[in-house]
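Dear colleague,

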Amino acid sequence: MDHKARKRFGQNFLQDEGIIRHIIHSIHPQQGQRLVEIGPGLGALTQELLAEAGVLDVIELDRDVIPHLQRACTGKGELRIHNADALDFDLRTLADAQHKLRIIGNLPYNISTPLLFHFIDQIDVIEDMHFMLQKEVVDRLAAPPGGKDYGRLSVMVQYHCAVEKILDVPPEAFTPAPKVDSAVVRLIPHRTPPVQVASVAELAKLVTSAFAHRRKTLRNNLKGILSAEQIEALGIDPGARAETLSLEEFARLSNAVKKLL
């Protein structure tokens with residue numbers, strides 16, 4: 001490898017062939033599907049995805065890796081490279097009425113949460129997502145109510161998607177080795193939301209407020225939004241912390257706020 005990973009891009013290049021095979025098997029790419037890889041880097045996954053699907057769109061911010069990527073993928077299919085920041089990229093430009101997108105990526109750990117919310121904002125054009133993330137983030141995505149891992153990210157992603165952890169990945173699977181453990185997660189958008197909300201935007205605002213200070217109660221975090229009496233009238237303890245609430249309870253609170261507007 002003659003390209004040095006750049007810290008400012010959060011680059012850690014996957015190199016373990018066994019893990020690469022496991023990920024490709026889990027994704028099961030097919031001809032005719034609309035696959036999009038985020039941050040392909042030097043192409044460890046890209047080559048395999050392209051060979052299976054025949055056509056692949058990739059979004060890569062670091063222009064210096066593009067020649068490496070093109071060489072690695074020569075003769076394997078049609079590689080369409082978008083030299084852009086995934087945080088700003090409009091995925092809807094790659095979808096059409098017949099084809100939703102399958103999103104894959106070893107996401108830079110320093111911006112993984114904003115990237116996840118950016119993709120959720122475009123969930124209507126997404127078939128599924130497979131991401132390599134810091135293990136701690138995957139634990140948060142999949143967390144049930146009641147623990148320290150459960151938070152705003154858990155609630156909002158679980159409202160939009162079914163979450164399935166695929167495998168753990170040790171640091172030595174990458175070059176350079178990150179200082180944290182990693183994991184691969186599958187996110188499948190719900191065909192029907194698991195709870196009914198009057199406004200997804202209102203749910204997002206309510207959840208953000210509820211988790212604004214994790215050690216504070218709903219009574220304090222939702223002050224000025226819902227009174228303790230209004231919270232209690234919904235069958236929810238105003239003295240509870242946000243991390244104890246189910247998605248259904250957050251929906252109840254959100255719908256109550258929407259009625260007051």
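This is a predicted model: local features need pLDDT of at least 70, side-chain atom pairs count only at pLDDT 80 or more; totals for chains, interfaces and linings use all residues.

**Sheet, helix and cores**

Residues are numbered from 1 along each chain as its sequence is written, and side-chain values use heavy atoms, with hydrogens and water left out.

Strand β5 (residues 101-106) runs parallel to β6 and is joined to it by six bridges. Both belong to an open, mixed sheet of seven strands in the order β4-β3-β2-β5-β6-β9-β7, two strands being paired if DSSP finds at least two bridges between them. At its edges are β4 (78-82) and β7, each of which pairs on one side only.

In helix α5 (residues 135-142), Val137, Val138 and Leu141 are buried, that is, under 20% relative accessible area (1.4 Å probe, protein chains only). They lie on the same side of α5, because they cover an arc of only 100° around the axis, taken from the directions from the helix axis to the C-beta atoms.

Of the 57 residues in the largest nonpolar core, Leu91, Phe131 and Phe250 touch the most other members; such a core is a set of buried Ala, Val, Leu, Ile, Met, Phe, Trp, Tyr and Cys residues joined through side-chain atoms within 4.5 Å. Helix α10 (residues 247-260) supplies the largest share of this core, six residues. A second, separate core has 24 residues, among them Ile24, Val58, Cys73 and Val169.

Best regards

Technical notes
Buried means under 20% relative accessible area, exposed over 50%, partly exposed in between (1.4 Å probe, protein chains only). Helices (H or I, at least four residues) and strands (E, at least two) are DSSP runs, numbered from the N terminus.
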